[in-house]
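Hi everyone, thanks for coming. I'd like to walk you through a few spots in one model today, so let's bring it up on the screen.

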Amino acid sequence: MKTMLLKRATVLMLAAIIVSPTTLLADDKKPTPNQEPAQASTESGVGAPKGKLTDDENPLMIGKRNINAHQINFYSLNKEVGLGRQLAADVDRQGKFIEDPVVTEFVNRVGQNIALHSDAKIPFTIKVLDSDDVNAFALPGGFLYVNKGAILAADTEAELAGVMAHEIGHVAARHGVEQASKATLANYAMIPLIFMTGGLGYIAYQAAQIGVPLTFLKFSRNVESEADKLGAQYMWAAGYDPNNFLSFFEKLEKKEKHKPGTLSKLFGTHPPTPDRIVKVHDLLARFPDRDEYTVSTSEFNRVKSRLLAITNSKTLDASGRESGPKRPTLKRRKEGEDPSQPSTTGEDQPKDKPTLKRRDSDGKPADTKPPETKPPDQL
């Protein structure tokens with residue numbers, strides 16, 4: 001009897017975990033505080049940190065630390081790149097892309113500059129999706145997609161860089177394969193229940209399959225906060241003003257207040273919650289100062305204008321035909337027609353031809369009625 005009660009209690013506890021998968025998948029990494037005082041930077045134009053920073057928070061430690069040290073991860077870097085390539089092939093097959101070389105080269109250059117100043121150990125492939133949604137997402141293995149809508153929504157180059165830096169943070173921290181590894185581990189943990197509790201254990205296993213989906217785009221709040229933290233550091237290291245990282249998210253939050261329900265559409269995969277914004281504010285207050293930052297460039301303005309022109313030229317109606325203003329068309333004249341005379345075919349033929357009326361010497365219109373003549377007998 002006690003054995004049966006113990007089995008049922010075990011199943012109930014596991015079921016509680018399954019119902020709340022975020023408990024199992026939550027990223028509970030707590031960085032160990034740096035006991036040593038922050039040291040001054042030797043980099044030209046960069047001061048010492050203005051507050052206490054852990055190694056995971058300090059942009060001066062980028063490339064000198066291992067941010068993946070305490071992860072549960074069953075994927076090697078080569079396997080992660082292979083997985084990302086497979087997922088990217090599906091996106092490339094189904095997606096519609098901006099292929100303008102000026103736009104794609106600029107966006108790629110901004111992203112590669114940030115990736116160069118990140119903890120990532122793999123190369124990046126960056127493409128621009130022809131989508132009006134204000135969003136961007138990254139797949140395992142360094143495949144980054146930026147929506148056209150995110151570029152148009154950014155007021156500065158640094159705001160666009162912030163969106164891309166957040167996604168590069170996901171790749172550098174290997175969040176996609178970490179989540180996949182945790183899901184695999186959860187599935188393995190359910191297998192003994194099938195043998196221990198029979199049918200009831202199998203039901204719990206099925207629930208785990210539904211409650212722990214293998215996804216690479218939606219992460220827990222803690223994971224999103226880590227991508228925020230890393231993205232702000234990568235922006236700083238690449239020379240961008242990291243305060244623009246927050247201005248973009250605050251802009252989306254303001255839109256949500258004015259028009260509830262738009263935020264999930266604008267940035268559905270990772271909505272910028274107020275607590276995340278507060279955390280980044282606190283982190284930036286402790287960052288070292290730079291002599292100068294890049295906020296925006298004339299090239300960004302040209303690329304944005306070019307994107308707007310591309311968007312306007314591709315305005316289509318529901319039937320897929322151009323709905324813009326009608327363009328002038330040339331009509332071919334038939335052989336032998338007098339070019340000085342209007343066409344006599346179709347709609348070009350005027351309904352009422354104009355007539356000329358003769359005027360008298362005093363300028364008054366001449367009477368067009370014929371003069372009355374009296375009969376001969378009245379003369």
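Let me start with a question: is Ala173 buried or exposed? Keep in mind that we're looking at a predicted model. Ala173 is buried, because its relative accessible area is 0%, and the cut-off for buried is under 20%. You'll find Ala173 in the loop between α6 and α7. Setting aside residues up to four places away in sequence, Ala173 touches Ile67, Asn68, Gln71, Glu226 and Leu230.

Now follow me to Asp119. Ala173 and Asp119 are 54 residues apart in sequence, yet their C-alpha atoms are 7.9 Å apart in space.

Arg65 sits in the loop between α2 and α3, and it counts as buried with a relative accessible area of 12%. A polar atom of the Arg65 side chain also lies 3.5 Å from the backbone oxygen of Asp56. Among the residues that Arg65 touches are Asp55, Glu57, Gln233, Tyr234 and Leu230.

Last stop: helix α4, residues 101-116, which spans 22 Å from first C-alpha to last. Asp100 caps its N-terminal end, with a side-chain oxygen 3.1 Å from the backbone nitrogen of Val102. The buried residues of α4 include Val103, Phe106, Val107 and Val110. The buried residues of α4 pack against several elements, including β1, β3, α6 and α9.

Definitions and conventions: Residues numbered from 1 in each chain as written. Predicted model: local features only at pLDDT ≥ 70, side-chain atom pairs only at ≥ 80, totals over all residues. Heavy atoms only, no water. Helix = DSSP H or I, 4+ residues; strand = E, 2+ residues; numbered from the N terminus. Expected span 1.5 Å × (residues − 1). Buried < 20%, exposed > 50% of the residue type's maximum accessible area, 1.4 Å probe, protein only. Contact = heavy atoms within 4.5 Å. Polar contact = N/O pair within 3.5 Å; in protein donor to acceptor, adjacent residues only side chain to side chain.
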